Amino acid sequence: MPTLHETQFKLRESALQTTLDKAKEAHGLVKAMDVATFDERAKLAWADCMELYDDSVDQLNRSLGSTDHSSSQTWLSAAFTNQQTCRNGFTDFNLSSYLNSFPVMLSDFSKLLRNSLAINKAAAPSMAALSNKKTRNRRLLSDGFPEWVSAADRKLLQSSGGAPAADIVVAQDGSGNYQTISEAVAASKSGGKRLVIHVKAGVYKENVVIKRSMKNLMFVGDGIGATIVTGSKNAQGGSTTFRSATFAVSGDGFIARDMTFENTAGPQNHQAVALRVGSDLSVIYSCSIIGYQDTLYVYAQRQFYRDCNIYGTIDFIFGNAAAVLQNCNIYVRKPMNQFTTVTAQGRKDPNQNTGIIVHNSRVTAASDLKAVQGSYKTYLGRPWQKYSRTVFMKCSLDSLIAPAGWLPWSGDFALSTLYYGEYMNAGPGAGTSGRVNWPGYRVITSVTEAGKFSVGNFLAGDSWIPSTGVPFTSGL
């Protein structure tokens with residue numbers, strides 16, 4: 001007789017298999033659509049959908065048979081995010097009418113994904129019982145990274161005195177293997193082992209795409225401001241937000257160190273992404289990410305940012321990953337409008353294990369805003385989707401933060417379903433007496449509650465970051 005845990009796991013598997021079958025069907029139907037009549041922008045949005053549905057099939061395949069609850073919830077969350085992003089490509093261009101020509105069954109697929117998220121969450125005890133993994137004690141590493149970073153990766157990240165030994169060298173002067181980053185990526189063989197690409201100092205004007213098949217790539221520059229990847233794709237210029245990224249990563253296990261990623265489109269061109277990350281178990285260390293609106297797209301899956309500088313104006317850290325930013329400098333730039341917002345988190349379902357956590361970081365005005373910051377209001381975030389989740393913990397908040405702290409998206413949308421928290425922040429902008437009184441906002445006073453959003457808990461960071469060698473604080 002099967003045990004209760006085995007029976008519950010079998011039910012989960014059955015639900016996921018049904019969703020996977022529907023994902024394959026959806027991908028096939030979207031692929032078969034006649035897009036000859038679509039205008040150019042709609043064709044771009046459709047191309048995004050093709051990639052995103054293909055990725056959803058992959059995420060569901062990974063989840064099937066897995067007894068790792070945290071990982072499978074991450075992968076299912078990503079599949080659901082893909083659904084929304086496909087739609088966004090059309091709505092961003094005010095082309096919602098094109099969605100009417102999409103196969104009707106896509107809404108069924110959406111429901112199945114929601115069900116799979118709920119069922120997988122409920123199956124957590126059974127998955128833990130069936131998993132033969134020994135759970136390790138969480139270690140509080142004061143200077144370390146989450147445990148998912150291998151010892152070898154840690155050495156690479158912490159090596160001082162120049163770049164580590166590289167498999168491929170990119171140099172504009174011809175002294176390396178390639179002169180552009182894109183050529184190096186095209187030549188990379190993705191395998192199990194870490195591949196290190198050293199990008200020598202220079203300004204690389206290119207849009208780089210790391211596909212899902214390119215896993216375990218590590219990019220090492222010669223320092224912030226020395227190795228710069230720059231582009232200017234943007235929404236006004238006809239790009240979807242998803243495709244506007246100067247540097248876009250889908251392959252898992254991505255690491256970047258000592259580089260600058262920028263989008264120079266300017267505030268007047270609206271959405272213009274500098275760095276988009278959809279890589280699971282990815283680490284961005286000692287990098288600068290520079291843009292205006294939508295600078296850093298923490299797209300999906302588990303991501304860790306340490307010792308980074310992030311610049312922008314509106315919603316400039318946004319997306320639906322499980323992302324923790326630790327010991328970072330967040331610089332608010334001068335906008336075109338009268339307000340700026342640091343975050344716009346896109347959690348659409350309460351069972352998605354996603355959120356933007358900013359820990360032990362600083363939020364301050366960039367040089368162009370400093371002199372005139374009294375003319376603009378700056379907010380910590382606004383709810384892009386219904387279950388938006390963002391927490392600022394032990395951060396230094398400068399005087400530019402408006403007393404209300406947070407800004408509505410539209411009317412009372414999401415104000416009772418979001419989760420916005422502040423814990424032990426300091427600085428002239430950290431006072432909470434004038435904060436919003438939304439049902440979903442809270443000043444966190446419990447260490448246990450705050451602890452849920454630590455690297456160790458929120459990212460299961462103790463199991464993967466140490467191998468990268470990036471320093472991190474597991475607890476609060």
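Modeller: Helix axes here are lines fitted to C-alpha atoms over the stretch in contact, with angles running from 0 to 180 degrees between N-to-C directions, and helices (H or I, at least four residues) and strands (E, at least two) are DSSP runs numbered from the N terminus. This is a predicted model, in which local features need pLDDT of at least 70 and side-chain atom pairs count only at pLDDT 80 or more, while totals for chains, interfaces and linings use all residues. Residues are numbered from 1 along each chain as its sequence is written, and side-chain values use heavy atoms, with hydrogens and water left out.

Biologist: How is H3 oriented relative to H4?

Modeller: Helix H3 (residues 69-91) packs against helix H4 (residues 106-122) with their axes 10 Å apart and at an angle of about 160°. Angles under 35 degrees count as roughly parallel, over 145 as roughly antiparallel, 65 to 115 as roughly perpendicular and the rest as oblique. The orientation of H3 to H4 is therefore roughly antiparallel.

Biologist: How many nonpolar, polar and charged residues are in the contact of H3 with H4?

Modeller: Contact means heavy atoms within 4.5 Å, and by that criterion residues of H3 including Leu-76 and Phe-80 meet residues of H4, among them Phe-109 and Leu-113. For the classes, Ala, Val, Leu, Ile, Met, Phe, Trp, Tyr, Cys and Pro count as nonpolar, Asp, Glu, Lys and Arg as charged, and the others, Gly among them, as polar. The contact of H3 with H4 then has seven nonpolar, eight polar and two charged residues.

Biologist: Is Asp-315 buried or exposed?

Modeller: Most residues other than glycine have a negative phi. Asp-315, in strand S16 (residues 314-319), has a positive phi of about 50° although it is not a glycine. Buried means under 20% relative accessible area, exposed over 50% and partly exposed in between, with a 1.4 Å probe and protein chains only. At 4% relative accessibility, Asp-315 is therefore buried.

Biologist: Which residues touch the most other members of the largest nonpolar core?

Modeller: A nonpolar core is a set of buried Ala, Val, Leu, Ile, Met, Phe, Trp, Tyr and Cys residues joined through side-chain atoms within 4.5 Å. Leaving aside neighbours within four places in sequence, Ile-181 is in contact with residues including Val-170, Val-199, Phe-219 and Phe-247. Of the 61 residues in the largest nonpolar core, those touching the most other members are Ile-181, Phe-219, Phe-247 and Tyr-305.
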